[in-house]
Amino acid sequence: MILTRVALGIGLLFVVSLVIFWATELLPGDLASQLLGQSATPETLAALREQLGLNDPAPVRYWNWLSGALTGDFGVSLATNRPIADLIGARLGNTVFLALYAAALSVPIALTLGILSALWRNSIFDRAANAGALGAISLPEFFVAYILVLWLAQTGLFPSMVRINPTTTMGERLYMTFLPALTLTLVVTAHMMRMTRAAIINLMASPYIEMARLKGLSPLRIVLRHALPNALAPIINVVALNLAYLITGVVVVEVVFVYPGLGQLMVDAVSNRDIAVVQAVALIFATAYVGLNLIADVLSTLSNPRLMHRR
Amino acid sequence: MSGDILLKIEDLRIEGRSGDTWSEIVKGVDLTLHRGEVLGLIGESGAGKSTVGLAAMGYARDGCRITGGTIEFDGIDLRRTSEAQRRGLRGKRIAYVAQSAAASFNPAHRLIDQYAEGPVTHGVMGRDKAEEDAIELYRRMQLPDPEGIGFRYPHQVSGGQLQRAMTAMAMACRPDLIIFDEPTTALDVTTQIEVLAAIRDIVRQFDTAAIYITHDLAVVAQAADRIKVLLRGEEVEEAETRAMLAAPREDYTKSLWAVRSFARPERTDSPGAALVSVQGVSAAYGKVPVLEDVSFDLHPGRTMAVVGESGSGKSTTARVITGLLPPSAGTVLFEGSPLPPALKSRTRDQLRQVQMIYQMADTALNPKLRLRELIGRPAQMYLGLRGRALEARVRDLLALIELEPDTYIDRLPGELSGGQKQRIGIARALAAEPKLIICDEVTSALDQIVQEGILKLLTRLQDELGLSYMFITHDIATVRAIADDVVVMQKGRVVDKGPKAQIFAPPHEPYTELLLSSVPEMDPDWLTGLLERRAAQG
């Protein structure tokens with residue numbers, strides 16, 4: 001079953017790669033004339049097309065691109081003439097670092113808040129946690145970011161810009177990226193927390209929860225041991241969705257804090273019409289989405305004894 | 001009953017919420033239980049049996065609140081004491097066994113973990129001791145493989161075994177009192193006996209007091225010392241079991257007996273040519289074979305009961321006849337010509353001839369549609385009725401099922417009682433003007449008095465309209481009441497078939513014998529006698 005799911009994930013990625021390739025084919029304009037600009041002559045254009053392999057039929061170009069991508073060779077950036085793998089390498093690391101940082105903050109907070117607000121349903125705590133989380137998710141990211149800059153950076157507590165170089169230590173790095181990570185945490189916590197709360201409350205009317213009550217168990221034990229294990233599947237899926245968002249959707253936050261991540265690279269590449277980079281980054285984003293959801297599905301399966309232990 | 005008093009409930013009042021209003025659902029019930037005594041609590045659904053049973057644990061479900069009276073358990077006033085102290089009693093000194101063990105065991109944990117949870121958190125014994133103890137109790141409850149069964153998950157264990165495992169779990173802390181809330185209602189008759197006997201024995205072995213809640217008099221007669229009858233939150237009467245069975249005082253109690261005596265007159269005419277002929281049908285869900293070589297004939301204007309335990313293939317046979325599940329072999333003939341196996345390839349007229357009524361009227365009716373649409377749609381689809389003609393037809397149908405058209409035509413299913421919903425299911429089937437109606441456990445979810453009303457209605461409609469019924473049920477009493485012919489199924493095969501008189505008269509097929517002898521009788525010595533006879537036969 002898990003193998004089928006993995007095979008499906010790979011198949012899906014293949015389809016996504018086709019879509020990415022096809023979509024960039026649809027973009028107007030010709031790469032060679034873009035590159036040459038005003039200086040184009042018919043002869044230079046033809047030569048460049050030949051050099052870039054643009055005269056090959058689309059399936060051949062697709063195959064060359066995909067087989068290169070699979071070995072980590074995304075080709076050469078058309079704008080800077082540097083290998084795309086080099087461009088992406090460091091930035092991918094930064095993006096993953098920031099995503100993990102935000103996840104390490106937000107997932108425990110969201111789960112704890114969700115469990116506690118389910119436990120103390122309709123209490124003041126529940127209402128405050130819900131209102132706070134909804135407030136944070138309703139505000140645009142850049143607004144949250146600027147508020148944090150106003151409160152925490154203007155007062156000198158944390159830096160408002162992230163300057164990372166190879167000599168930065170882990171401690172400094174965590175300190176410098178705290179504000180972007182906190183911004184992202186505020187943005188994604190609400191979704192996970194509310195799903196945790198809803199999934200648990202949804203189960204609280206089950207006969208087996210009543211049975212647990214009638215066995216004289218404490219409310220906390222009932223929620224943690226009897227409701228939570230059965231609520232894991234939806235929670236895991238929402239966590240995975242938000243992790244994928246943390247990797248692919250952080251452009252605005254990267255811009256505000258001048259953080260050298262993939263999002264900014266993608267935006268720059270689009271405005272420069274650097275098609276090869278756009279394709280590469282899009283493929284990485286798609287892989288992150290498909291991969292994280294795949295992991296979520298596998299974990300959900302593992303958390304369900306009905307699927308793990310056949311009759 | 002000279003033992004000292006364990007539980008004393010006086011003038012118990014409980015309110016239930018519907019919408020924003022609270023109304024009294026238990027209206028001043030008194031109850032006294034001595035140590036080691038078993039009290040049967042009976043009544044139809046809505047009588048407040050479960051609510052009273054839970055109140056004996058100082059517990060009220062969400063949407064209920066205890067508003068008056070005293071609940072005194074072994075000298076402790078459960079209404080006055082703290083929630084923490086009530087928690088200390090629950091599971092330890094007062095335990096609960098729920099109706100559906102399959103739903104009441106947590107699907108995420110092994111049986112033995114759920115067993116050990118109570119004793120360990122209440123500090124009665126350590127985990128290792130609890131595991132040893134669980135195996136001992138599983139053995140006493142006559143579960144197969146007592147050493148291993150606890151290490152399985154609930155979905156890996158059958159319903160009857162789960163119910164016994166749950167009784168063992170309730171026994172874990174050796175409580176003074178156990179509340180059994182319809183513990184055998186969801187089980188097949190043959191399984192019911194085993195569970196009932198196991199419960200009765202273990203309660204006697206440990207001298208545990210019990211409140212046994214059920215709607216089935218014959219069941220409670222086997223287990224209870226005394227019986228209390230409830231109706232709409234009030235006590236009707238209470239007496240020693242034998243005294244009550246011999247001479248019920250109140251009319252309501254007598255009516256509970258009378259339901260079982262309903263029977264349609266025997267038919268003397270010979271059956272005509274087969275309306276539906278099922279010939280050598282085999283079917284499977286995926287690779288799991290469910291039916292094997294099933295053959296029988298259904299005759300026009302007659303009722304054929306299909307009986308058997310759950311999993312015997314009764315409903316699957318219905319699915320093959322309706323075309324929902326194309327068979328892997330065999331054919332279904334309708335009035336002599338074969339029906340296409342799949343639903344999609346049947347003509348509208350072929351579809352119209354066979355209609356279904358389902359067990360759960362609640363889930364079989366779209367809650368957002370008014371009765372006008374629910375009943376009108378098949379009349380519109382199959383018969384092309386429109387406008388006034390359609391409305392007139394819907395009104396006729398409502399009158400036919402004994403619901404006042406003006407009052408009901410614009411109601412939603414949520415505004416009906418369980419019996420009324422089932423009547424709508426019948427009207428919807430009738431709207432298509434079918435020749436055959438398949439009734440799949442249509443009375444199983446209803447109280448006995450409501451059941452009787454539905455059976456009488458179905459019988460009347462048959463006489464007036466010449467309908468044929470295929471009546472799927474596991475309730476032998478219903479079969480006795482209305483069937484003309486009987487098919488007995490076991491593990492996907494037909495093991496016995498014929499006219500009712502022939503099936504119910506000895507000599508029986510062995511499995512038919514087992515089914516018939518498992519139906520509880522209104523005799524407190526029935527279970528003991530049956531078990532002795534079966535033991536004697538080996």
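Colleague: Is the crossing of α7(A) and α9(A) left-handed or right-handed?

Modeller: The crossing of these two helices, α7(A) and α9(A), is right-handed. Keep in mind that this is a predicted model.

Colleague: What else describes such a pair?

Modeller: Two packed helices are described by the angle between their axes and by the distance between those axes. Here helix α7 (residues 141–153) of chain A and helix α9 (residues 178–203) of chain A pack at about 135 degrees, and their axes are 9 Å apart. That angle makes α7(A) oblique to α9(A).

Colleague: Which residues of α7(A) and α9(A) meet?

Modeller: From α7(A) come E141(A), V144(A), A145(A), L148(A), V149(A), L152(A) and A153(A), and they meet L179(A), L182(A), T183(A), L186(A) and V187(A) of α9(A). By class, this contact of α7(A) with α9(A) has 10 nonpolar residues, one polar and one charged.

Colleague: At what angle do helix α5 of chain A and α9(A) pack?

Modeller: Helix α5 (residues 84–119) of chain A packs on α9(A) at about 35 degrees, with the axes 7 Å apart. The crossing of α5(A) with α9(A) is right-handed. Its contact residues divide into 19 nonpolar, six polar and one charged.

Colleague: How many helices and strands does chain A have?

Modeller: Chain A has 15 helices and zero strands. Its C-alpha atoms fill a box of roughly 85 × 60 × 35 Å along the principal axes. Of the 311 residues in chain A, 35% are buried. Among contacts in chain A with a separation of 6 or more, 72% are between residues 24 or more positions apart.

Colleague: How many residues does each chain bring to the contact between chain A and chain B?

Modeller: Chain A brings 15 residues and chain B brings 24. On the side of chain A that touches chain B, α10 (207–214), α11 (219–248) and α15 (305–308) each supply at least two residues. The helix that gives the most to this side is α10(A), with four residues. The residues on this side of chain A are seven nonpolar, five polar and three charged.

Colleague: Now chain B. How many residues of helix α4 of chain B are buried?

Modeller: A residue counts as buried when 20 or more other C-beta atoms lie within 10 Å of its own. In helix α4 (residues 111–121) of chain B, eight of the 11 residues are buried, so this helix is largely enclosed by the rest of the structure. The buried residues of α4(B) pack against α5 (127–140), α6 (146–149) and α7 (159–171) of chain B. By contrast, α23(B) is hardly covered, with one buried residue among its 12.

Colleague: Where is P507(B), and what is the peptide bond from P506(B) to P507(B)?

Modeller: P507(B) lies in the loop between α21 (500–504) and α22 (510–518) of chain B. The bond from P506(B) to P507(B) is cis, with omega near 0 degrees.

Conventions: Residues numbered from 1 in each chain as written. Chains lettered and ligands numbered in written order. Predicted model: local features only at pLDDT ≥ 70, side-chain atom pairs only at ≥ 80, totals over all residues. Axes fitted to C-alpha atoms, helices over the stretch in contact; angles between N-to-C directions. Parallel < 35°, antiparallel > 145°, perpendicular 65-115°, else oblique. Left-handed = near helix turned anticlockwise from the far one by under 90°. Contact = placed C-beta atoms within 7 Å. Nonpolar A, V, L, I, M, F, W, Y, C, P; charged D, E, K, R; others polar.
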